[in-house]
Every structure is written in structure tokens, then in C-alpha cells.
Amino acid sequence: MSSAAVREREDDAELARSPKRTKLDELTDGPIVADTSPLTSAALAITDSKEGSSAITTESVLPPSHTLLGIAPTFSSNGLRQVLQTDVGISEYISRDVPPISGIIKQRFTDFLVFEVNQDNQVIHLKSLDTPESSSKKGKDNNEGSSSTAVAEASMAQSQELVTNLELNTAEEPSADTEAKGKDDSTPADTPWNDQFAEKLAPYLTEASIDQLKTMFLEGREPPRMTDSGWGGRITKTTEDGIETPDTVKPSEEVDTSQNDDTVKRGKNRGGRGDRGGRGGRGRGRGGRQGGDREDHRKVLSKPISSKTDRTALHQVVRELFGGKLDSETDMSTPAGDNGSRIVIKWSRHGGGRGGGRGGRGGRGDRSDRGNHPPYIHFTLQKTNRDTQDALGYLSRTLHVNIKDLAVAGTKDKRGVTVQRVSLRRGNKTVEDVWKSANQSNRRSVQEILSQRGDRGVRIADFNYRKAGLELGMLKGNAFVITLRNVQVENVETLDRAMNSIKHKGFINYYGMQRFGTAAVPTHSIGLAILKSDWHKAVSLILQNRPGEHPEVVAARDAWLVDGNLDRALALMPRRVVAERCILESYKKQGGETRNAMGALSTIPRNLRLMYVHAYQSYVWNAIVSERIRIHGADKAVPGDLVFESEPAAKGGSGENDEMEVDDDVGNEEQAMTEGKGMSSRERKKAAKAAYVAPSIKILTEEDAHRYSIFDVVMPLPGRDVDYPGGTLGERYREFLRLDGLDPDNFIRKQKEYTLNGSYRKILQVPKDLSWATLRYTDPDVPLAQADEDKLLGFDPPVVVDDGKFSALQITLTLGTAAYATMALREVTKTETSSHFQTGLTQASEDQQFRGVVAGDVAELDDDTEMEASNTLDS
């Protein structure tokens with residue numbers, strides 16, 4: 001039995017020390033945190049001992065409303081400083097009576113594991129790294145929705161319900177495990193009909209519909225051939241109870257079936273307009289048929305079903321009973337009634353839609369397997385220490401696709417290991433093509449791919465074909481496994497008090513520091529400049545120098561800001577620095593002219609521009625919520641608070657799943673919209689706008705405040721479609737906006753994309769599935785949690801050292817969309833959560849002196865270590 005491969009350590013020089021993570025010695029402020037533990041004190045002692053901490057008064061890059069936060073910022077000699085929590089309105093706690101638990105957040109990437117939770121509440125994990133296989137290459141099956149990797153087929157069938165349940169605009173699809181079967185469906189069914197069929201279908205279909213389905217199934221894929229123009233050749237109409245009656249077929253829809261297969265393959269029978277494949281020539285075209293096959297209008301409708309769970313159950317029953325031979329999808333031909341939607345069941349097509357038949361450019365009646373699959377490929381992405389946008393950009397280059405063809409349901413933290421689903425508008429690519437390109441199989445062997453980590457911290461796996469892409473908000477939340485290092489706490493009782501406080505009382509639902517960037521120029525300041533149409537200031541803030549950046553970025557900025565050399569600046573600026581490159585490239589196209597600042601900004605990807613604006617909204621929200629907690633506490637609802645009169649729909653655009661509530665880091669590219677069945681792009685956009693309904697909001701009074709809890713209270717993000725709180729808090733809200741030069745009652749802009757509709761967000765968040773455990777360790781380089789990829793590669797699992805010198809706290813929890821786990825941890829540690837501060841804590845931590853030390857050697861080093869630590873504090 002071969003031993004498991006030993007997991008290599010993360011290269012701290014290459015990965016753990018991100019060039020954007022400024023050292024603590026570049027902080028110039030005094031302590032603002034509640035934590036007064038030896039660890040924090042040591043970090044601050046290091047700060048105070050460094051040079052360049054002389055404070056001067058200078059113009060701040062922070063919004064004017066910053067003065068209302070009651071903070072007097074100090075600046076380094078260059079007028080900049082790292083932004084802290086209090087600068088973005090994060091100042092209050094729920095459990096102020098509980099002592100802080102000192103610990104370091106995200107010391108290692110594996111200390112922060114994030115797993116997306118899909119719309120069916122299933123946690124997404126990597127399941128198989130093996131080469132995927134599309135369904136049978138014999139061309140006998142259409143296999144819409146096929147297939148995933150062989151190892152993961154059965155398990156992925158459940159996790160992929162995220163997309164198969166998109167009932168608004170796409171059919172629900174067969175799962176991968178049933179679709180990969182390569183049976184010939186052109187003959188009558190191999191499986192006989194028995195009582196089990198009727199029994200399982202009875203909850204969803206009438207008796208007459210079951211009889212009709214039985215007849216259709218036993219007839220086989222091809223509809224019965226009729227020799228006259230009688231009722232058998234007529235389209236059916238559906239009655240109220242789901243039974244279909246014939247209707248006359250138009251003469252133009254009759255099909256000549258006398259041609260042989262060879263003629264069909266050569267494309268003599270072309271469908272669509274003028275016997276051609278229609279616009280674009282791909283597939284059957286509009287109204288065309290697949291080669292010489294006759295149109296099949298047979299279908300059976302279910303009873304109206306109001307429950308999504310029941311509709312999903314019916315899809316599963318159809319897949320189970322008919323092995324992928326029959327398709328089931330939401331009936332889009334008629335609007336859903338009060339009793340719910342109907343599900344239509346029919347024979348699976350041989351490459352219908354855009355995939356079948358010949359016509360136009362290069363199509364063939366019997367197309368290859370490459371073209372017979374749905375238009376999207378979904379896969380699972382694991383990324384390590386990369387922004388979501390950065391990872392998608394890398395994939396777009398590796399897969400040779402436009403980045404707009406890639407979409408995610410939400411963005412994830414950079415510093416950590418995160419797992420989520422991604423959709424790709426595939427063009428003519430297959431799952432095999434994507435796997436080979438992503439793993440660079442042209443220069444790596446399969447053995448290397450399956451034994452080494454993915455290149456550049458990116459690994460994709462678990463592929464499936466799907467009929468629709470992902471959109472922002474198509475998730476329920478994220479599950480976390482978080483490890484706090486070098487934990488120092490008074491006693492176990494204090495630890496349990498802190499964790500139980502989060503479990504029962506929750507935490508303030510602040511937007512975390514990731515929302516505002518990691519640089520000295522915060523994103524919300526750029527957003528305010530955009531909202532004020534101060535385009536030149538926005539461009540200046542984006543291009544401005546900032547401390548702690550990678551040397552190549554500093555050189556690129558200086559080439560433009562100091563030397564005015566645009567060509568050199570572009571040559572030096574890394575591609576990962578998206579916004580800056582876009583602006584400089586715009587200047588280049590304008591011959592070096594810089595007057596059109598608005599035009600230069602417009603070249604930045606749309607969602608990145610909007611995230612600047614949303615960061616400003618988040619800043620105001622944080623500040624006002626802190627004001628509310630200071631004034632009224634966090635125990636109960638009070639008069640003047642806002643609550644939903646009824647909970648808004650998840651995708652209604654007004655609740656916490658709105659696009660502006662996207663998780664975590666800035667850098668989100670415009671997402672590809674889901675293709676609505678039978679709808680043009682313009683129609684889909686109109687439908688999306690029509691779906692927006694502003695939620696009904698209630699301002700609490702003395703008479704009804706007692707009927708609601710603190711967990712019902714919401715706070716608006718500034719915008720044109722929101723109500724402000726009542727009383728003095730509402731006036732304070734308006735004061736913030738006015739001081740920043742904004743009209744609280746007018747967020748309409750000439751540039752429509754910057755017109756803010758606003759949104760609402762609950763002020764407290766309670767985690768689900770919260771649990772915690774204490775661990776011991778000595779070497780800080782030894783992982784205490786394991787990423788999915790490492791498990792599949794067979795690397796050694798984490799080893800807990802019972803007699804380890806240091807303590808760690810491992811927390812597992814699940815949060816809803818737009819909630820920040822770092823804000824939950826802040827409630828425990830009472831410590832600054834900004835990345836540069838946490839980096840300083842790591843550098844000051846005693847456990848760093850034990851890197852590479854095995855447990856048995858600890859005793860020999862204890863005396864020397866204590867002496868070194870003492871000297872560090874005294875210096």
C-alpha cells in the first residue's frame with residue numbers, strides 16, 4: 001500500500017507575503033482596538049519603534065463625512081495611511097461585556113476556507129480532478145446537460161441542481177449520471193411500462209395524462225407515421241386538465257421523409273427560412289427541423305404545481321423512470337397560474353435548438369458530439385490567494401475565451417482558499433477541451449496534473465453541460481472553516497461566552513474591509529467622486545501612488561505620474577492591475593490626451609466601476625448602523641427603525657441578494673446574463689427590469705415597535721428607491737450625504753449606470769451551523785485545515801499536536817449572501833481586521849519563531865525563545 005504524498009509547504013516568499021499586504025510598520029496610527037493582549041501590544045510596539053511615523057496635517061483622501069465619525073486621522077509624511085475599520089464606519093460590538101479573544105486571522109491561506117452554498121443549500125466542494133468525458137460519441141443521444149467526470153457523476157447530480165432549477169427562464173435539465181448513457185432512443189423503449197411508473201407519477205399527473213405518457217413512451221422517439229392528412233398529422237392543443245387534442249398542421253410544416261439517410265447527412269433537407277438553417281446557420285434555425293426527422297409535437301403536461309420542491313421531485317422521477325430518454329422542463333408556453341407552473345414531458349431531441357440539422361455555416365444533419373450539448377459548461381473553481389476577477393481573468397487567457405463568457409454567482413475573498421461554481425459560454429468547446437486547456441495538458445502530463453496543485457493557485461473540476469449560465473446572486477451563502485492562530489484567552493469559559501454570544505445574539509452585519517480595498521486610497525472615496533461626477537478626481541485617486549505596493553506597480557505609476565511616459569507606464573503595469581491599465585490604455589488611444597476622464601473611466605469593466613460606487617454606499621451604511629447601535633443598543637427594535645412589511649423575494653433586486661450586495665473584494669467583471677428560452681437579449685433585460693418591485697417598508701412607532709425583534713431591523717443603502725429611518729437617525733443619515741456633497745433625495749445621474757436604486761440590509765446577522773474547537777500546534781507552517789484539492793491529490797491531512805506550544809481556534813459556520821465572516825470574527829477578537837494589521841500581528845507573533853520546528857525540539861528552544869521575545873518587546 002503506497003503512502004500518501006507529503007504535502008509541500010506553501011512558499012511564504014512567493015505566496016504568503018502578498019506584495020499588496022503592507023507591513024505593520026507602515027501604520028502610523030496609535031491603537032484603536034479593544035484588544036490589549038500581549039500579541040497586539042507587541043505588534044503596536046513594533047509599529048511605534050519604526051521610522052516615518054511623524055504625523056502631519058494634510059488633505060485627506062477620505063470623504064468629508066469622515067469627520068462625523070469622531071476620528072482625528074493622522075498621516076505619514078506622504079499624506080497617506082492605511083485605512084482602518086473605524087475609517088469605514090466599523091466601530092461597535094454586540095458583546096462588549098465579553099473580553100477579547102486574541103488571535104490572528106488568515107495567517108495561512110488554509111486558515112480561511114470558503115465553500116459556496118448553492119440555491120438548494122448544498123455546499124460546493126471539489127469532487128474529482130479526473131479528465132471529464134462528454135457522453136457517448138456515437139451520436140445516438142442528444143445528451144443535453146451531459147456530463148461530468150466519471151468519478152463525480154452521481155454526486156454532482158445533486159450539487160448541480162443550482163442551475164437545473166432556474167425555472168424563470170430555462171428548462172430544468174437531466175443530471176449527469178443519467179445522461180451519459182449511450183442507448184439508442186430511436187427505437188421503442190427498452191424498459192417495459194409497469195405499475196411503478198403510474199405509482200410514482202400519480203402525485204404530479206392526472207390519470208389521463210399518465211395514460212397519454214405511457215402511449216407516447218411506448219411509441220418510441222419517432223412519432224407514428226401517418227399516410228394521410230388526418231388527425232395524426234396535426235399539432236396538439238392542451239386542455240385545462242393537461243390532455244392534448246389535435247390541431248391542423250400547416251402545409252408548410254409537412255415533411256418529406258422519402259429521402260435516405262445519406263441525403264440527410266449531406267444537408268439536402270434544410271430547415272428554417274427558405275429551407276435553410278435560419279439566421280447564423282447553426283442548428284435547425286428558426287422553425288427548421290433536425291435533418292430529415294419529422295417534427296414531434298407530442299408532449300404531456302403535469303398538474304399545476306406550486307411547490308418548487310415538488311417540481312424538482314417530478315424532474316427526478318422522470319429521470320429515474322425513463323433514464324434520460326424523456327425531457328422534463330417548465331412549461332413556458334403559458335404563464336403560471338395561481339396554482340403554480342406545469343411541467344411538460346416529451347421525448348429528448350437529437351440535437352435540437354441550435355445544435356441539430358444542417359444549414360448555413362458548416363452545420364450538418366448528424367452533427368458531431370461537440371455541437372450537440374447545451375451552450376454552457378459549469379465547473380467548480382478552487383482558487384488560492386487570488387481575487388475572483390483575477391482568477392477569471394487567468395481562466396479566460398488559459399481557455400482562450402472572452403472574460404465576459406465566464407460568470408459566477410458571487411465573488412469570494414482573496415486571501416484564503418475558496419470554492420465556487422463558474423459558468424462558461426462554451427462556443428464549440430467541450431468539457432474535455434476546457435479541462436485540457438485549464439490544466440495545460442500540452443506541457444504537463446496527466447500524471448503531473450493529477451499529482452500537482454493547479455497552476456497559479458487555480459484548479460477547476462467537476463464539469464457539466466448546462467442550458468443557462470450563472471448570474472450574481474444565484475447562491476444562498478457561503479460555508480466557512482476558519483482557523484485563528486496563536487489564540488490567547490483568559491479561560492475556556494470566556495471562549496464559550498464569546499462564541500455563544502455570536503451563536504445566539506449574532507454580530508453587526510457590517511460590510512467588511514475587503515469591500516473598501518487594501519490600499520491607502522479606499523474604494524469608497526473613488527465611488528464618491530464618481531457619484532459627484534468628478535471624473536478627474538476619480539481618475540487621479542485610481543492612479544495615485546500608495547505605500548506597500550509591488551515594486552513593478554510603483555515603477556509603472558511613477559513612469560506616468562512623475563515622468564509622464566505613457567508607453568513605459570503601460571509596459572510596466574501588470575495586467576492584474578485592471579483599472580489603472582484601462583485608464584492608461586484609454587489615454588494611449590487618445591494620443592496621450594487626458595481631458596476625457598469620463599471616457600477613460602468608462603473603459604474600466606462595468607461591475608468594477610459600480611463596485612466603487614457600491615463601496616461608498618457600504619461606507620454610509622456602516623456609519624449609520626454604528627450610530628444606531630450607539631444610540632439604541634442592539635437588544636430590541638425601537639421607534640424609527642425600519643422593517644420589511646413582508647420579506648422581499650430573493651431575486652427581486654431589493655433585498656440582500658441585490659447585485660450591490662456582492663460578496664467581498666472589488667474586481668468583479670460584468671457577468672454574462674442567463675439566456676432566456678426564446679427571448680432576445682433586449683427582451684431579457686426588459687423582463688429583468690420588470691421583475692424589480694421595491695419592497696414594502698414600515699417605520700416603527702411606539703405602538704408597534706414591540707412586535708418586532710432586533711433581527712427584523714433593516715437599514716437602507718443610499719439610493720432613490722429607499723426610505724430613511726425616522727427621527728434623529730434619519731436626519732443623521734441625510735447629514736452624512738449632504739456633507740459629502742450629495743442630495744439625499746436625488747440619486748438619478750445622467751450616466752444611468754451610476755443611478756442608484758438603493759437596497760436594504762439587516763443590521764444583525766446570525767450564523768448557521770456554528771461550531772468551534774480548540775487545537776494545539778507548534779510550527780505555524782503546518783496546516784490545521786485542508787483544502788479540497790490537497791485532499792484529492794492525496795496530500796497528508798492536517799496533524800494536530802496534542803502537546804503543541806500554541807493554541808488555535810477552529811470555527812465552522814455558514815453565512816447568508818453578502819455577509820462577511822471577518823465581521824463575525826471581529827466580534828470575537830475585538831481587533832482590527834484589515835489585512836495590513838493582521839500581517840503585523842503575524843510578524844509580531846511568538847509562533848513565527850518556531851517555523852520548521854518539530855514538537856520534540858520545542859523544549860530545547862523554550863529558554864532562547866523567551867529571551868528573544870523579551871528583547872523584542874523591550875527594543
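Student: Is phenylalanine 217 buried or exposed, and what is its relative accessible area?

Tutor: This is a predicted model, and in it phenylalanine 217 is buried, with a relative accessible area of 1%; residues count as buried when that value is under 20%. Phenylalanine 322 also counts as buried, at 2% relative accessibility.

Student: How many aromatic pairs does the whole structure hold, and how are the rings of phenylalanine 217 and phenylalanine 322 arranged?

Tutor: A search of the whole structure gives 17 aromatic pairs. Planes over 60 degrees apart count as edge-to-face, and because the planes of phenylalanine 217 and phenylalanine 322 stand at 70 degrees, with the ring centres 4.7 Å apart, the pair is edge-to-face. Phenylalanine 217 belongs to helix H7 and phenylalanine 322 to helix H9, so the pair ties together parts that are 105 residues apart in sequence. Both residues also belong to one aromatic cluster, together with Trp193, Phe197 and Trp347.

Student: Which parts of the chain does the pair of tryptophan 535 and tyrosine 754 link?

Tutor: That pair is tilted, with 5.9 Å from centre to centre and 35 degrees between the planes. Tryptophan 535 lies in helix H15, whereas tyrosine 754 lies in the loop between helix H22 and strand S17, 219 residues apart, and both residues are buried.

Student: Which residues of helix H15 are buried, and what do they pack against?

Tutor: An α-helix has 3.6 residues a turn, so residues three or four places apart point the same way. In helix H15, Trp535, Ala538, Val539, Leu541, Ile542 and Leu543 are buried, and the buried residues of H15 pack against helices H14, H16, H18, H19 and H20.

Technical notes. Residues are numbered from 1 along each chain as its sequence is written. This is a predicted model: local features need pLDDT of at least 70, side-chain atom pairs count only at pLDDT 80 or more; totals for chains, interfaces and linings use all residues. Side-chain values use heavy atoms; hydrogens and water are left out. Buried means under 20% relative accessible area, exposed over 50%, partly exposed in between (1.4 Å probe, protein chains only). Helices (H or I, at least four residues) and strands (E, at least two) are DSSP runs, numbered from the N terminus. Contact means heavy atoms within 4.5 Å. Rings of Phe, Tyr and Trp (its six-membered ring) pair if their centres lie within 6.5 Å; planes under 30 degrees apart count as stacked, over 60 as edge-to-face and the rest as tilted.
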